[in-house]
Amino acid sequence: MTVCLLLLSAVALTAAVPVPRSLTRAAWPEREPVVALWVWQCLVATVLLCCLTALVLGTAAVFATVRDHVFAPAPPAVTAAYDLSATPVWATALTLLLACGAAWTTAMLARELVEAHRSRGQARAHLRERAPDLPAGLPAARGPLLVLEDEYPDAWWMPGNPPQLIVTTGALHRLTDHQLDAVLTHERGHARARHDWLLHLSTALATGFPRIPLFAHFCDQTHRLVELAADDTASRRCGHLTTALALIELNQHRGVLSCASSNRLLGERVDRLLEPPPRLTRHHRALTTAVAALVPLVPLLITFAPGLTALG
């Protein structure tokens, strides 16, 4: 068990500190935001699986009742292979730390979901107040697209069941038909990929563990990469130039081309659409996706290795 805990700790530390820092310096995520999002999710899953499996092993070693339930179906040779009878003090302390971390993670996720549900309810109530009255005999505006009377051009996606696209009359007046199609395709890309769940997860982990590089970078990169992925969805349908012009027209009053930090991402997105970076080849894209998918299996292999060896 000691060797398993040490290996799991080494894998978790590697995936939580040096790997995300090197990934943020890489240039390819800008070219393949969807693949980059998958890689970040696999890294997070690896760290969480390391912590979870280490918690199960440590709890089984500290508490005999848990050990009996976990290893009940296993032959005696498997239980003996983990050597759970001798538990060092540091393993007990690590188990208590992991248990506190698991409880804190659950609390942060629950808090994020409750806050998102509350904010979404308030936003929908505000939208119902702002929605224009329809003539008598027509159904209320509750469809997938809601038009609001507002001079400022804007369009956004409201998560929910079903998701709803909101566009202002200012956007309808400013954008051409093709540009409006690009904006709506961008927002539909968010809805179809369920980017809201990724944003909630990354925000909860970064809020709960702000000093862990993986979770901090995961939050920052997720907010950036989901926009790039939605831009790619719009540009494939409507063209790079049309999508870039739509982005400029929609955000011109916000200073889309300024150097302010709050608007820097908008400027980077416009530059990326006007000068699309070279994409990875299909082979490299498939290889990166496959390797990332195998990484979360490492903590599982470490955990089950003693039992498989005993059975063999």
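Colleague: Let's begin with size. What volume does the largest pocket have?

Modeller: A pocket is an open set of points with protein on both sides. In this predicted model, the largest pocket has a volume of about 730 Å³.

Colleague: Where should I look for its centre, and which residues lie nearest?

Modeller: Lining residues are those with an atom within 4 Å of a point of the pocket. Here 28 residues line the largest pocket, and A12, V47, C51, L98 and I212 lie nearest its centre. Two or more lining residues come from each of α1 (2–16), α4 (33–62), α7 (89–130), α10 (195–208) and α11 (213–238). The largest share, eight residues, is given by α7.

Colleague: Which domains supply the lining of the largest pocket?

Modeller: Domain 1 (1–26 + 39–134 + 296–311) and domain 2 (144–277) each provide at least three residues of that lining.

Colleague: How many residues of that lining are nonpolar, polar or charged?

Modeller: For the largest pocket, 24 are nonpolar, four are polar and none is charged.

Colleague: Now the second largest pocket: what is its volume, and which residues lie nearest its centre?

Modeller: Its volume is about 590 Å³. The second largest pocket has 29 lining residues, with A155, H186, E187, H190 and E227 nearest its centre. At least two lining residues come from each of α7, β2 (155–158), α9 (177–193), α10, α11, α12 (240–251) and α13 (264–274).

Colleague: And how does the lining of the second largest pocket divide by class?

Modeller: There you will find 13 nonpolar, seven polar and nine charged residues.

Note on methods
Residues are numbered from 1 along each chain as its sequence is written. This is a predicted model: local features need pLDDT of at least 70, side-chain atom pairs count only at pLDDT 80 or more; totals for chains, interfaces and linings use all residues. Side-chain values use heavy atoms; hydrogens and water are left out. On a 1 Å grid over the protein atoms alone, a cavity is a set of points where a 1.4 Å probe fits but cannot get out, and a pocket is an open set with protein on both sides within 12 Å along at least five of seven lines; lining residues have an atom within 4 Å of a point. Grid points are joined across faces, edges and corners, and a volume is the space filled by probe spheres set on the points. Helices (H or I, at least four residues) and strands (E, at least two) are DSSP runs, numbered from the N terminus. Ala, Val, Leu, Ile, Met, Phe, Trp, Tyr, Cys and Pro count as nonpolar, Asp, Glu, Lys and Arg as charged, and the others, Gly among them, as polar. Domain bounds come from an automatic or database domain assignment.
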